[in-house]
Amino acid sequence: MRYSKEHKAETHERIVKQASVRLRERGAHGIGVADLMKEVGLTHGGFYAHFDSREALVIEAFGYAMDRANERWRKIVEETPPEKRLATIVDSYLTTTHRDDPGRGCAVPSLGAEIARESPKTRKAFAAKLERMIDMVADQILDVPPKAARKQAMAALATMMGTVVMSRIAGNSELSDEILTAGREAVLPRAAAKPAVKKPRAKAH
């Protein structure tokens, strides 16, 4: 059976979306092609109708995750006064929700260490997306020359991403919440940092 170009494009996007979630949850090598295709209701053989290689899928899935983060931040920028944009981005990133849901969070804390071991082609693609994130944050740093804003953005992102990694290592605990708060205060030393958003704890029965 021959499918339309629209159907093929929709299927392709569905594979990329699912791969993006699974890669962030399980790591770059945590799921095989056969298992992934089964999850989206397709056969292993159908994979090569959409991708030349597993690496091609990985690059697209990483890119998809990074693009979603940039889109979320762009939405914040559009809806928030200029002087509050950076703080709002940081507050939306350093949360217990982000910590506890890596499959739908930023790809860098989940996959950064693995990407550093991937092929030059994969690293180059990932670096290009990371640079867009840096530029996005730099644009929200006001009253600072562009070069200085870029350096501050790099430092802010490194702190934010490292904070998420450490908070996940600490798990859902008081230490983890303290790490999130410390990271927020480090990025926004002049702002009144908000405490980490805590989920209500289940009552003992």
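## Salt bridges

A salt bridge here is a side-chain nitrogen of Lys or Arg within 4 Å of a carboxyl oxygen of Asp or Glu. By that criterion the structure, which is a predicted model, holds 13 salt bridges.

One of them joins Glu39 to Arg26, with 3.8 Å between the closest N and O atoms. Glu39 belongs to helix α2 and Arg26 to helix α1, so this pair ties together parts that are 13 residues apart in sequence. Both partners are partly exposed: Glu39 has a relative accessibility of 34%, and Arg26 has 44%. The pair also sits within a network of salt bridges that links Arg22, Glu25, Arg26 and Glu39.

## Arg68 and its partners

Arg68 forms a salt bridge with Glu71, the closest N and O atoms being 2.6 Å apart. The two residues both lie in helix α3, with a spacing of three residues, or about one turn of the helix. Arg68 counts as partly exposed at 23% relative accessibility, and Glu71 is partly exposed at 39%.

Arg68 also takes part in a contact with an aromatic ring. Arg68 lies over the face of Tyr64, at 4.2 Å from the ring centre.

## Arg99 and Asp100

The side chains of Arg99 and Asp100 meet in a salt bridge, at 2.7 Å from N to O. Are these two residues buried or partly exposed? Asp100 is partly exposed, with 31% relative accessibility. Arg99 has 5% relative accessibility and counts as buried, because the cut-off for that class is under 20%.

## Nonpolar core

The largest nonpolar core has 50 residues, and those that touch the most other members are Leu57, Phe62, Trp73, Tyr93, Met133, Leu157 and Met160. The elements that contribute two or more residues to this core are α1 (5–26), α2 (33–39), α3 (54–79), α4 (85–93), α6 (107–115), α7 (120–138), α8 (146–170) and α9 (174–187). Helix α3 gives the most, with eleven residues.

Which residues does Leu157 contact, leaving aside its neighbours within four places in sequence? With those neighbours set aside, Leu157 is in contact with Trp73, Met133, Ile134 and Val137. Trp73 and Met133 are themselves among the core residues that touch the most other members.

## Aromatic pairs

A search of the whole structure finds four aromatic pairs. Phe47, Tyr48 and Phe51 form one aromatic cluster.

Key:
Residues are numbered from 1 along each chain as its sequence is written. This is a predicted model: local features need pLDDT of at least 70, side-chain atom pairs count only at pLDDT 80 or more; totals for chains, interfaces and linings use all residues. Side-chain values use heavy atoms; hydrogens and water are left out. Rings of Phe, Tyr and Trp (its six-membered ring) pair if their centres lie within 6.5 Å; planes under 30 degrees apart count as stacked, over 60 as edge-to-face and the rest as tilted. A charge sits over a ring if NZ of Lys or CZ of Arg is within 6 Å of the ring centre and within 35 degrees of the ring normal. A nonpolar core is a set of buried Ala, Val, Leu, Ile, Met, Phe, Trp, Tyr and Cys residues joined through side-chain atoms within 4.5 Å. Buried means under 20% relative accessible area, exposed over 50%, partly exposed in between (1.4 Å probe, protein chains only). Helices (H or I, at least four residues) and strands (E, at least two) are DSSP runs, numbered from the N terminus. Contact means heavy atoms within 4.5 Å.
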